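Subject: Handover of a structure and notes on its contents

Dear colleague,

Please find below the structure that I am handing over to you. My notes follow it, and I would be grateful if you read them with the structure open.

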Amino acid sequence: MSTITSVSTATQPTLAGLSRNDSYLPTTRVLELSRLPMLIMVVVNVIFFVAYWLPELARGNDDPLLGQLAPLASAAFATGGEAWFSTQRSTGTWLLIFGLAIAVLIRSRHWVARLILFPVAYLGAALVLVMIFGVIIRGELFGTLLSVLLGVVWVATAITTTWRSLWQNIDDLPDRRPPRIWPLVLACVAAVIPLAVGRAVFAPELRQAAADLAVSGSAMRWAALFTEATPRLYLAGVGVLVAGWAAWRLLPGRRPERPAGTVVALLIALVLGMGGIGMTAAQLAAQRTEQIRSGDPTPELLFSCVSWRQPGEGPARTLVVHGAGCQQLSGFTGYTPTTDRALGYSISPVKASLPGGPEIASDVISASYGEILVIAGTDRFDDKANRIVGLRVTDGTEVWSFPCAVESGRGASLELRFAGAPDGDDPTAGRLTDRGESESVVAVCGGVTKTLDPRTGAEQ
C-alpha cells in the first residue's frame with residue numbers, strides 16, 4: 001500500500017496587495033492599540049468634567065490647556081451641555097462614542113459587529129478631518145494644536161487597528177477579562193474625580209454657586225468647596241464610581257467565576273454610598289447653596305475688619321472691609337462678590353475726636369445715612385484720621401470725599417461728629433446731634449469747621 005503526499009505551492013491570499021506577513025500584528029497588540037482612541041477621548045473629557053464641576057480649581061474658558069483640548073471635548077457629557085469654547089462642537093461627543101465603539105467591537109466574535117468597525121472608524125476619521133480643516137480655515141490652528149495632534153493619533157490608530165482586525169483569527173481572541181480595579185482605585189485617589197461626580201449627581205446647584213464665586217481674586221472663592229458637604233460628596237462620588245465599575249463587571253461575558261464579592265460591592269455602593277451618604281450630602285449641599293446665595297459672608301472672611309449690611313428683604317447685601325491693614329473693600333450679594341477694590345487707606349484703627357471734645361473710642365468711625373456710609377480713614381503711620389468719605393453700601397462706590405491734611409508733629413487730628421444719624425446718638429462712636437440739627441457731618445480740619453451733607457458731601 002502506498003501513500004500519496006500532496007504539497008501545495010499556492011501563494012497565501014492577499015488583500016489590497018498586502019500579504020499577511022506584511023501587515024499582520026499580533027492580536028494582543030491590535031487590541032491594545034484599539035483602546036487608544038477611547039483613552040484619548042476619555043482623558044480629555046474627564047479633564048473638562050472636573051473643570052466644569054469644580055470651577056474653583058479651574059479658569060474655565062480662560063484656561064489655555066482647556067482651549068487646546070476644546071475641539072475634542074463633549075459639551076453633552078463633560079460640561080453640562082454648555083460649550084465653553086467656540087471650537088467645542090458636537091465632534092467631541094461623536095469621537096467619544098466612536099472611540100468606545102471601536103474598543104468594544106474589535107473584540108467581538110460576530111462578523112456583523114466586526115464589519116461595523118469600518119463605517120465607525122471612517123466616520124470618526126472624517127469628523128477629525130472636518131475638525132482640522134475647520135480650525136485651519138477659522139485661524140484657530142495654533143490655539144487648538146494639541147487637539148489636532150491627538151486627532152491625528154485617533155485617526156491613525158482607529159484606521160490601522162480596524163484594517164489589521166481583518167487578519168485576526170477569531171479563535172485567537174483572548175477571553176474578556178473582568179475590568180481591572182486599578183483604574184477605579186486611581187480615580188478615587190485622585191479626589192477631584194469622585195468629588196466632581198458627587199456634585200454632578202447629588203449637588204448640581206452647588207456647582208453653579210461655586211461658579212458664581214470663582215472670580216479671580218474673590219475673597220469667597222473657596223466657600224463652596226471648604227464646607228461640611230464636601231467630604232460626603234466625595235464619598236458619594238466614590239459610591240457612584242464603585243457602583244458603575246461593579247455593574248460593568250457583572251455584564252455577560254465579563255462576569256467573574258465568583259461574582260459574590262462584586263455583587264456585595266455593588267449593593268454597598270448603592271445602599272450606603274449613593275443612598276445613605278449621597279442623600280445626606282445632597283441635603284448639606286442644598287443648605288450650603290442657600291447660604292451662599294443669600295447669607296452674610298462676613299464670618300467666613302479672613303482678616304475681616306468691619307462690615308455693614310444694607311437693610312431690606314432678600315439676599316444679604318453686605319459691604320466688608322478686610323485684609324491686612326483693613327484697606328480692601330468688597331461688596332457682596334449673599335456670598336457673590338459684586339465689587340472688590342483697594343481703598344488706598346485704612347479704616348481701622350482710626351483716631352479722631354469730637355469737635356472740642358474727647359477722643360472717639362471706636363476703632364471704626366462711621367455712620368450710615370440710608371444707602372450712604374460715611375466713614376473716616378487714614379493713610380498715616382500714627383492712625384490719625386485725615387479724610388472722610390461717603391460710600392454707597394450697595395456697591396462700595398465712593399460718592400464723595402473730604403480730605404484733611406494733618407501736619408506731623410502738631411498732635412492735632414481731624415475732628416468730626418455725625419449729626420442726625422438714623423442709628424441714634426452714641427458719642428463713643430462719634431454720633432452726636434445738637435438740638436434742631438438735621439442730618440449732617442461736622443468736620444473740623446485745621447481749625448476750620450465744615451458742615452457736609454452726608455449723602456452728597458456738599459457743604460451746607
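Predicted model: local features only at pLDDT ≥ 70, side-chain atom pairs only at ≥ 80, totals over all residues.

Several residues of H6 are buried, among them Thr91, Leu95, Phe98, Ile102 and Leu105. Gly92, Gly99 and Ala103 in H6 are buried as well.

I turn next to the aromatic rings. A search of the whole structure gives 8 aromatic pairs. One of them joins Tyr52 and Trp53: the ring centres are 5.1 Å apart and the planes stand at 90°, so this pair is edge-to-face. Both Tyr52 and Trp53 are buried. The pair formed by Trp222 and Phe226 is stacked, because its planes are at 20° and a pair counts as stacked under 30 degrees; the centres of these two rings are 5.8 Å apart. Trp222 has a relative accessibility of 36% and therefore counts as partly exposed, whereas Phe226, with a relative accessible area of 60%, is exposed.

Tyr52 and Trp53 also belong to a cluster linked by ring pairs, together with Phe48, Phe49, Trp84 and Phe85.

Two of these rings also have a charged residue over them. The charged end of Arg207 is placed over the ring of Tyr52, at 3.8 Å from the ring centre. Arg221 lies over the face of Trp222, and here the distance to the ring centre is 5.8 Å.

Which strands lie at the edges of the open sheet? The sheet has 4 strands in the order S1-S2-S3-S4, and their pairing is antiparallel. Its edge strands are S1 (304-310) and S4 (336-342), each of which pairs on one side only. On average, neighbouring strands of the sheet are turned by 15° against each other, with direction ignored. Strand S3, made of residues 328-333, pairs with S4 in the antiparallel sense over 6 bridges. Across from Leu329 stands Arg341 of S4.

Yours sincerely

Terms used: Residues numbered from 1 in each chain as written. Heavy atoms only, no water. Buried < 20%, exposed > 50% of the residue type's maximum accessible area, 1.4 Å probe, protein only. Helix = DSSP H or I, 4+ residues; strand = E, 2+ residues; numbered from the N terminus. Phe/Tyr/Trp six-rings, centres within 6.5 Å; stacked < 30°, edge-to-face > 60°. Lys NZ or Arg CZ within 6 Å of the ring centre and 35° of its normal. Pairing = 2+ DSSP bridges. Axes fitted to C-alpha atoms, helices over the stretch in contact; angles between N-to-C directions.
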